[in-house]
Structures are given as structure tokens and as C-alpha cells.
Amino acid sequence: MTVSHSYRALSEGGDGDGVEGYGHVLRDRGKVGELGWRERLCRFFTPMRTIWMFVGVNILNYLDRGIIPGAPNQFQSFIRNTIMIDENQESTYLGILQSVFIASYSLAVIAAGNLVHKYPPFLVMGMGLAIWCVAVFISGAAQGWGSFWLLLFGRTLSGVGEASFQCIAPAFIEDFSPPGQKVLMLGIFFSSITVGTAGGYAYSAVISTSWGWAWSFWLEGVAMIPFVVICCLLPFKLNGDNSNGNNVRTASNHASVSLSKEVSTIMTSPLFINISIGYSAYCAVLAGLSTFGPIFFQGLQLFDSERSASLHFSAIVALAGVIGTPIGGYISDRLAGDRATRDQILDTCLKIMAGSSLAGLAFALASAYCQSKGPFLFLMGTAIMLLFLPTGCCTMAVMASVPSNMRATGVALSILIMHLFGDVPSPVAVGWLKDRLAPRCNTKSIDGQEVLNPLCVFDGDGIRLTLVICLSYLAVTVLFWTVPILFPDTCGKPAQDPDQFQSLNNGDLGKRKDSYRGLGDVPDKEMPVAAA
């Protein structure tokens, strides 16, 4: 079963616990104008408003991910003073803090995908975000307790909490985006990743130096609480995407497909393997940059303070992400067309993925050898924008590479592969490499302030080499995303199944709105439920 199947499970229940039973009550109450506050809340959150709420939640999630790399000197000093390690090991442990979050998230996303088959998806999402809030409060408390291990636990737990949201939101967006705007809306959703991460650098740099980094965690936890409450109060009945015109199914149609069968089917798809391996290398580079970007900026002697380096890095990442990610989705939708077949969408996405990653690699390597601030920021900003261009395309390509009723499982496995071989080991590897090639680019306490070691100026070549090696790993992405284009018959075929969508974007928006059932907006006519 997939994420969409869990939506269907709600629609097939009429016992009052699901939305169907509650919806009948609402119709009776609505006729006499007796809607309560909960029903009014659910009427307000239409599919598009829910998608924009997801954007806000995602910004907070990735704001959290940018806190540690946004104040590396603060955290490296904390690490050194709490577990008493040598100065040349600081970056390794800083990378571990980032990696444990991704590792726990990668494992929890599979469990979250299973939970949405048993419980209302928005309840699963709300409970996950509640765990996330507890985790960030624990992370903040670690500073006062002076415990690295408490911080490590908090970062691990936050990955568990975020998993349910990341599992459910993309499927919802694909199912309820307007026709011809699926990749665009996914691009807008994913652009919040870059806005949140980049904002996290600036947010952390300012808050950490003013009030202490504990407040960086606590404030974001408070900001997330309203979203937790809203998600727990929205027991929506959500239909899948009504794409092929013959979508009436029951849960029993898919009960015979076991998880092991899904995994074996997906993992034997050459197209899926190529996309996933390329994506893991792509994310490894971005994770290395996101964790050590400010240190690279400062270590190359382009900026004279951690705060200045973090603010400039966050600015170019935010600008590149806001521009690149939705533009990539828009270009894909326009080139493929509103009624594109699965093959056409896949072909368009693969070309955008391969072309933008190759161009991004060229600009990134050129920036590493710039000696002045202006050209460096321009080239690095352009490179990052090009790398964000295929974000929505990659998700659509993964879903096209697996049978239509296995899309959510395919996305979950792609996430697992990406984290396992990408952004989990990357921060640790880049941190280890930096400690070896630029050992004097560590943190020193001077006049009571934690600053970059002034002797780092003598390790500029080591910092540059570390950056170049990190960026060069993008060649793996270019290779694996180009193979399906060069060998379409063996490595580029989309998955085939009896219920394959003839178009991922057809159907009219009016029917889609009719198929949406939230409290306070339940149509009288029963609509068919789409395939996963």
C-alpha cells in the first residue's frame, strides 16, 4: 500500500472516526448554519491552502537543519569543551551532529509510510511534528546542561519527528495540484528547503551570537506548535489523483502486494537505480556545502568573520533556491505540456536533471579558484541555482520509474538510498577531509570569543582542495543521470503496469475540487478514488 492508499482507507470508513462519517454529520449541521470552530477551520484549509501550509512547515524544518552549520564556531567550541576532544577533531563531530539527524530520518520515513496505512495521515503528520517540537526543545536544553550527548539525542529525535511530514506532503501535492502544474507545485514546495536552510544560517548566526544557540532551537519549536495543532485537527478524507478516468478501487485490490514484492520490483528497475544513485551523489555535495559552506567562505579569506560568511552564504543559497527550484518545475511543465504522457514527462525531467547538474558542476569548480569576493559569489550562486533546478523533476522521475501503485514506496526507497550514500556520510567525510587538509582552520578562543583560527590563512590551499573534492563528486550525478538518456531502451524505460497513468496531468480542476473532502466541504455525490 502507498500513501494514497491510506487516504483511500479513510474514504472507505463510515464509522464516524473517518471523515466520511463525520462529513454526513457536517452536512446536517451545515444546513442549519451550526458549523463549529473545527469545521470552519477545515473548510478554510482547501487543498491549495494546505499546500501553502506545507511550505511554511517545510521552511521551519529546514530552518532547523541550518542552525548548526550557521554557527559552526559556537558548536565546535561546545563540542570541544563538553567531550574534551582535540581541536583537529571538531569538524568530524560537527558532521556527526548533522549525520545522525539524516540517519534517523531515513529509517523513520519507512515506518511513517507504514503508519499512514493504519491511521489518518494528518494525525500521523501532527504527531510527528509534535515529536519534532520536543526534539528541538531538548536540543536547546543541551547548552544549559553542557551535554553533547543530549544534543546528539535531540538531533536524532528531530529526524524521527520530521519523517512523517516529509512522507505525506509530496503525495498530497501531487494528487491535488492543478492540471499542468504538478512539477511546479512540487518545485515551490521544495524551494522552501533552500529558503529554510539558508534562513537557518542567518537566523543561527544572529541568534547564537546574541542570545546563545539554545534560543535558535527553542524559538523554532514555539513557531511549529500551531501547525501541530492544525494537523491534528484536520481529519481530511483525501482522494488520490483522478488521472485515468477509471480509478474505482478497493483496498483489497492491493492487499496482495507485499512490501517485499514492492521492494524487489522497484530495486530491479535500472531507471530507478540510476536516478537514485545520481541523486545520492547530488545530495552528498549539497550536504557538504550546507554544513561547511560558511567555513569554506571564511577559510578562503573572502570574509573576515563567521557572521559575515554565514549571512552571505545564506543569501546566495536562498536566492538560488527561490529562483532555481520553481523555475525548474515551470520549465518541465511547459516543455512536457498539460496532457503529457508518462514517457514525455520522464524524458523532459531527465534532460533537465542531466543538463543542469553538468552546468552546475562547471560553475562550481570555476568558483573554487576565484580570488575575489564578487566573482566567487556570482559563480557559486549560479552553480547552486543550477543544482536546485531539477529538484521537482527528480521526484517526478522517481515516481515514473516505478509502477503507479508503488510510487510512495519508490520515493521512500529513493530517500533511503540518497541518505545512505549521500548526505549521511557526506558531512562526516568532508569534515574529516578538512581536518586533514586544513588542520589549522579550527576554532580558537580569542578575548573570550570563538573565532576561526588566524593561522587558517596558511591552510588556504587545503580549504580550496577540500571544496574542489566535495564539488567534484557531482560528476557521479552527471554520469548516472545521463545514462538513461544515452541508453533509453535498457536504462530509461518508465515502469509499466495495467493501471499506468496515460497522463499525470489530465483531468479538470473542478472534478479535483469535488473529489476533495474536508470537514465542511463534503459533496453529496460519491466520487471515485484514484489509483496510488
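**Entry 1: α4 and α10**

I began with helix α4 (residues 47-65) and helix α10 (residues 182-210), whose axes come within 7 Å and cross at roughly 30°. I took axes as lines fitted to C-alpha atoms, for helices over the stretch in contact, with angles from 0 to 180 degrees between N-to-C directions. The model I am reading is predicted, so local features need pLDDT of at least 70 and side-chain atom pairs count only at pLDDT 80 or more, while totals for chains, interfaces and linings use all residues. Residues are numbered from 1 along each chain as its sequence is written, and side-chain values use heavy atoms, with hydrogens and water left out.

α4 and α10 are therefore roughly parallel to each other; for this wording, angles under 35 degrees count as roughly parallel, over 145 as roughly antiparallel, 65 to 115 as roughly perpendicular and the rest as oblique. Their crossing is right-handed, that is, the near helix is turned clockwise from the far one by less than a right angle. I listed the residues that meet, including W52, F54 and Y62 in α4 and F189, G196 and Y203 in α10, where contact means heavy atoms within 4.5 Å. By class, the contact of α4 with α10 holds 14 nonpolar, six polar and no charged residues, with Ala, Val, Leu, Ile, Met, Phe, Trp, Tyr, Cys and Pro counted as nonpolar, Asp, Glu, Lys and Arg as charged, and the others, Gly among them, as polar.

**Entry 2: the chain and its cores**

I noted 24 helices and two strands in the chain, both being DSSP runs numbered from the N terminus (helices H or I, at least four residues; strands E, at least two). Of the 532 residues in the chain, 61% are buried, meaning under 20% relative accessible area, with exposed over 50% and partly exposed in between (1.4 Å probe, protein chains only).

The largest nonpolar core has 122 residues, and those with the most contacts inside it are F54, F75, I275, F297 and M353. Helix α14 (residues 270-299) gives the most to this core, with 13 residues. I used the term core for a set of buried Ala, Val, Leu, Ile, Met, Phe, Trp, Tyr and Cys residues joined through side-chain atoms within 4.5 Å. I then followed I275, which touches L350, M353, C394, A397, V398, S401 and W481, not counting residues up to four places away in sequence.

**Entry 3: α14 with α20**

I found α14 and helix α20 (residues 425-437) packed at an angle of about 45°, with their axes 8 Å apart. That angle makes α14 oblique to α20, and the crossing is right-handed. Among the residues that meet are G288, F292 and F296 in α14 and P427, V430 and K434 in α20.

**Entry 4: α16 with α21**

I looked next at helix α16 (residues 342-368) and helix α21 (residues 460-472), whose axes come within 10 Å and cross at roughly 175°. That makes α16 roughly antiparallel to α21. L361, A364, L365 and A368 in α16 meet R464, L467, V468, L471 and S472 in α21; these divide into seven nonpolar, one polar and one charged.

**Entry 5: A336**

The C-alpha atoms of A336 and G180 are separated by 8.8 Å, although the two residues are 156 residues apart along the chain.
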